[in-house]
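Please have the structure open beside you and try each task before you look at its solution.

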Amino acid sequence: MTRPPIYPGFVGGTKAQQYLHRARQFRQAAINLPDYSNAEQNWPRYALLTHALELALKSFAFHFAGDGPIADEPHQHDLVGWYKVAIRCGLEDDQVVSEGVTFLNEVHKTHFTRYPNQLPGPVPNLEAIADQTVDHVIARFTCVINPR
């Protein structure tokens with residue numbers, strides 16, 4: 001069991017850095033979870049991954065907006081909307097990432113990973129797409145938001 005620190009940690013950095021750090025935390029929490037549980041996709045794992053993606057996309061937008069508003073800010077959990085904002089902010093559009101974001105958007109914004117809702121089509125196999133998309137976005141944004 002890990003004990004909390006004696007003194008609370010200092011939360012520092014820009015809003016974009018804090019969002020990206022939180023995205024990494026959600027990604028890290030998902031790493032050791034299995035893809036499947038009792039022959040069904042492990043939905044908590046994918047909820048963590050899609051939320052990590054949302055936080056990473058928002059971090060990129062906040063990096064360029066600073067303390068200002070984000071023009072045409074997407075509503076709710078719209079990963080495609082946040083991806084488009086990131087492209088407007090200078091992210092190079094990558095077809096593979098765009099397809100991954102679009103694929104993950106449906107299960108994220110409908111809360112399918114958290115609640116047993118009905119999707120308009122078959123339940124997608126998220127195994128490879130979620131990890132690759134989230135890892136690519138976080139790595140790419142880290143180079144911009146936390147340059148070394």
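Two residues are in contact when they have heavy atoms within 4.5 Å. This is a predicted model, in which local features need pLDDT of at least 70 and side-chain atom pairs count only at pLDDT 80 or more, while totals for chains, interfaces and linings use all residues. Residues are numbered from 1 along each chain as its sequence is written, and side-chain values use heavy atoms, with hydrogens and water left out.

**Exercise 1. The core**

Task: Find which residues valine 101 touches, not counting residues up to four places away in sequence, and then describe the largest nonpolar core.

Solution: 

Step 1. Select valine 101 and look for its contacts: they are Leu53, Leu79, Val80, Tyr83 and Thr133, once residues up to four places away in sequence are set aside.

Step 2. Now we need two terms. Buried means under 20% relative accessible area, exposed means over 50%, and partly exposed lies in between (1.4 Å probe, protein chains only). A nonpolar core is a set of buried Ala, Val, Leu, Ile, Met, Phe, Trp, Tyr and Cys residues joined through side-chain atoms within 4.5 Å.

Step 3. The largest nonpolar core has 37 residues, and those with the most contacts inside it are Leu53, Ala56, Leu57, Val101, Val137 and Phe141. Helix H1 (15-31), helix H2 (43-65), helix H3 (79-88), helix H4 (95-109) and helix H5 (127-145) are the elements that give two or more residues to this core. H2 gives the most, with 12 residues. Helices (H or I, at least four residues) and strands (E, at least two) are DSSP runs, numbered from the N terminus.

Step 4. A general idea to keep: in soluble globular proteins, nonpolar side chains tend to be buried together.

**Exercise 2. A covered helix**

Task: Work out how many of the 10 residues of H3 are buried, and what covers them.

Solution: 

Step 1. Count the buried residues: there are seven, and H3 is mostly covered.

Step 2. Name them: Leu79, Val80, Gly81, Trp82, Tyr83, Val85 and Ala86.

Step 3. Look around them: the cover includes H2, H4 and H5.

**Exercise 3. Charged residues**

Task: Decide whether lysine 58, glutamate 54 and glutamate 99 are buried, partly exposed or exposed.

Solution: 

Step 1. Lysine 58 lies in helix H2. It is buried because its relative accessible area is 16%. Leaving aside neighbours within four places in sequence, lysine 58 is in contact with Tyr19 and Trp82.

Step 2. Glutamate 54 is also found in helix H2. Its relative accessibility is 2%, so glutamate 54 counts as buried. With neighbours within four places in sequence left aside, glutamate 54 is in contact with Gln76, His77, Leu79 and His108.

Step 3. Glutamate 99 lies in helix H4. At 46% relative accessibility, glutamate 99 counts as partly exposed.

**Exercise 4. Helix pairs**

Task: Describe how H1 packs against H5 and against H2.

Solution: 

Step 1. Axes are lines fitted to C-alpha atoms, for helices over the stretch in contact, and angles run from 0 to 180 degrees between N-to-C directions. Angles under 35 degrees count as roughly parallel, over 145 as roughly antiparallel, 65 to 115 as roughly perpendicular and the rest as oblique.

Step 2. The axes of H1 and H5 come within 11 Å and cross at roughly 150 degrees. H1 and H5 are therefore roughly antiparallel to each other.

Step 3. In this pair, Ala16, Gln17, Leu20, Ala23, Arg24 and Arg27 of H1 meet Asp131, Val134, Asp135, Ile138, Phe141, Thr142 and Ile145 of H5.

Step 4. For H1 and H2, the angle is about 165 degrees and the axes are 8 Å apart. H1 and H2 are therefore roughly antiparallel too.

**Exercise 5. Positive phi**

Task: Find where alanine 39 and aspartate 72 lie, and say whether each is buried or exposed.

Solution: 

Step 1. Alanine 39 is found in the loop between strand S1 (36-37) and strand S2 (40-41). Its phi is positive, about 65 degrees, although alanine 39 is not a glycine. With a relative accessible area of 80%, alanine 39 is exposed.

Step 2. Aspartate 72 lies in the loop between H2 and H3. Aspartate 72 has a positive phi of about 50 degrees, although it is not a glycine. At 66% relative accessibility, aspartate 72 counts as exposed.
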